[in-house]
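Please keep the sequence and the model in view while reading.

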Amino acid sequence: MHFSNFAAPSRETRTDFLRLRTLILLRWAAIIGQITALVAADYSYGIGLPFGLCYLVVGTSVIANLVSVFVFPENTRLTERQVFFTLLFDLTQLAALLLLTGGMTNPFALLIIAPVTISATALDARATLLLGATAIVFVTLLALFGIPMTLPDGAVFTVPPLFGFGFWLAVVIGIAFLGSYTHRVAEEIHAMQDALLATQMALAREQKLTDLGGVVAAAAHELGTPLATIKLVSAELLEELEDQPDLQADAQLIRDQADRCRDILRSMGRAGKDDRLLRQAPLSAVLREAAEPHMGRGKTIHFALLGNDDTTPEPTILRQPEIIHGLRNLIQNAVDFARAQVWVEGEWAAGRLQIRIIDDGPGYPPQLIGRIGDPFMRSRKPAPDTALRPEYEGMGLGLFIAKTLLERTGAELSFANALTENQSERSGAIVEVIWPMARIIAPVGGLGENTPNR
């Protein structure tokens, strides 16, 4: 199974989870805050403002919210474009209100950062950049053309030019810094969520295949007895119908088809019913099973088992889908980048089991070794990778899935490049997977009761 089949959800899919109701509630909170501030400025502090225009601007938000509430269903989920224009409307409404209430001398001008921060969380970089640039333009216009507030004694409220410039600069820096920082954090969260979803899909698919194999094996076992009965009866009919060639031919056909059914079921379910034997296997068998899909791809895969000494028996380990799936993807990655050879080695000592996967390829890029195992390490693959692995997106998702699955079984993974002067052999990447023996070794004892796989 190739992990590249599990594509990450698109950005459009990710933003469809944002509900219109969420933005409506945020806007109602903003409207209540704006009205409260205007009432306090008029009745508590006696500040002179064009309150008619101010309430008109607030009224546009009220109308927009009422339209959203009564026209659209409550469970409406917005696309990226709809979220962008909703935030652009809120940004424009807030800028217009600040323009009428002192511009950048209004301490609430800091709230202009809020729509940009929301955009950085929910939208892509281009939409956030456009909204942030719009916010910076609005902040600049507020600093130049804001209508000043009038104090109760009739004096016009002003601030020193240096303070005004500093406040403008602080808001601009806040827009740029918080927007970029929030977007980066949100992107990492989305990447991790997408990668974990792909991991769950891969594991679920492998588990379904395993379960299906058990069902087929159980069916083959159960149908063996009736097929044997059919074959026995048909053989007796052949002997009794020697003087009736037509009926004898029919009996022979029945016997042949019963043999055919037996052969088909035997090939589909050689393992019999699901029992503890199917869940454990010798280390060498597990390694070969993991490497099997990649053994015919033009690269030589060498297997080696290294015990404490010659008297140490080969361990029998748990045959879990996570282990086979994770090792298979690590071997696949080695085969993809190897020049001609890949080495898969198993070594066990007191207390731990270690598996090494080595290739003779170019190795990992030195600048990425510390980040291997993180999903989506790069958004685009360079030209050499395109030619080498045409079916891959090249974003680190496969290694992330392998690392996640193996760590679920108690393993620790490390990635490095071989330190050797001989570039023709074992000069590429090295992956080490280490388990505590207690987490990977199969339990000692009988096979237990055979039970059909459900």
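This is a predicted model: local features need pLDDT of at least 70, side-chain atom pairs count only at pLDDT 80 or more; totals for chains, interfaces and linings use all residues.

Q: Is glutamate 242 buried or exposed?
A: The relative accessible area of glutamate 242 is 59%. A residue counts as exposed when this value is over 50%. Glutamate 242 is therefore exposed.

Q: Which residues gather with Glu242 in a patch of negative charge?
A: The patch lies on the surface, and Glu242 is one of its members. The residues that gather there with Glu242 are Glu236, Glu239, Glu240 and Asp243.

Q: Is leucine 178 buried, partly exposed or exposed?
A: Leucine 178 lies in helix α7. Its relative accessibility is 34%, and the partly exposed class runs between under 20% for buried and over 50% for exposed. Leucine 178 therefore counts as partly exposed.

Q: How much accessible area does the nonpolar patch on the surface have?
A: Leu178 belongs to this patch, along with Phe165, Leu169, Ile173, Phe177, Tyr181, Val185 and Ile189. Together these residues have an accessible area of about 750 Å².

Q: What share of the accessible surface of the chain belongs to carbon and sulfur atoms?
A: The accessible surface of the chain comes to about 24,800 Å². The share belonging to carbon and sulfur atoms is 62%.

Q: What percentage of the residues in the chain is buried?
A: The chain has 454 residues, with 13 helices and seven strands. Buried residues make up 41%.

Terms used. Residues are numbered from 1 along each chain as its sequence is written. Side-chain values use heavy atoms; hydrogens and water are left out. Patches are made of residues with over 30% relative accessible area and no salt bridge: like charges are joined within 9 Å, nonpolar side chains (Val, Leu, Ile, Met, Phe, Trp, Tyr) within 5 Å. Accessible areas come from the Shrake-Rupley method with a 1.4 Å probe; for residues, only the protein chains shown count as cover. A salt bridge is a side-chain nitrogen of Lys or Arg within 4 Å of a carboxyl oxygen of Asp or Glu. Lys and Arg count as positive and Asp and Glu as negative; His and the chain ends are not counted. The place of a charge is taken as NZ of Lys, CZ of Arg, CG of Asp or CD of Glu. Buried means under 20% relative accessible area, exposed over 50%, partly exposed in between (1.4 Å probe, protein chains only). Helices (H or I, at least four residues) and strands (E, at least two) are DSSP runs, numbered from the N terminus.
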